[in-house]
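Some notes on this entry follow, as numbered points. Please read them beside the sequence and the structure.

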Amino acid sequence: MKKIIIGIGTLGIMSFTSNQLYYSTQLVYAMNNIEEMKEWVWQDVNNDRMTSETGEYYFEMLDETGVFINDFYEKQCK
């Protein structure tokens, strides 16, 4: 009986750890995507494909989204 309980506990811990790794990896990808999008906005503003006001709005939204993701990462994945 003890071996069964230990086995179930071990599987539970392994499952929890792998989900945490998945979440943190996905959040890193999301942060990289945000940085890539900021680069695209910057290029569009510099090439006059977007007004600076619109670019500033996008930067603010992307920064805010990055903060949300970072907060989630700090609370759930560490």
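Is Met50 buried or exposed?

1. Met50 is buried in this predicted model. Its relative accessible area is 17%, and the cut-off for a buried residue is under 20%. As to location, Met50 sits in the loop that runs between helix H1 (2-46) and helix H2 (52-76).

2. With neighbours within four places in sequence left aside, Met50 is in contact with Val41, Asp44, Val45, Gly55 and Tyr58.

3. Tyr58, one of those contacts of Met50, is itself partly exposed, with a relative accessibility of 37%. Tyr57 also counts as partly exposed, and its relative accessible area is 48%.

4. How many aromatic pairs are there? The count is one aromatic pair. The rings of Tyr57 and Tyr58 have their centres 6.1 Å apart, with 50° between their planes, so this pair is tilted. The reasoning rests on two cut-offs: centres have to lie within 6.5 Å for rings to pair, and planes under 30 degrees apart would count as stacked, over 60 as edge-to-face.

5. Where does Cys77 lie? Cys77 is found in the segment after H2. Cys77 counts as buried, at 12% relative accessibility.

6. Cys77 and Tyr23 are 54 residues apart along the chain, and 7.2 Å separates their C-alpha atoms.

Definitions and conventions. Residues numbered from 1 in each chain as written. Predicted model: local features only at pLDDT ≥ 70, side-chain atom pairs only at ≥ 80, totals over all residues. Heavy atoms only, no water. Phe/Tyr/Trp six-rings, centres within 6.5 Å; stacked < 30°, edge-to-face > 60°. Buried < 20%, exposed > 50% of the residue type's maximum accessible area, 1.4 Å probe, protein only. Helix = DSSP H or I, 4+ residues; strand = E, 2+ residues; numbered from the N terminus. Contact = heavy atoms within 4.5 Å.
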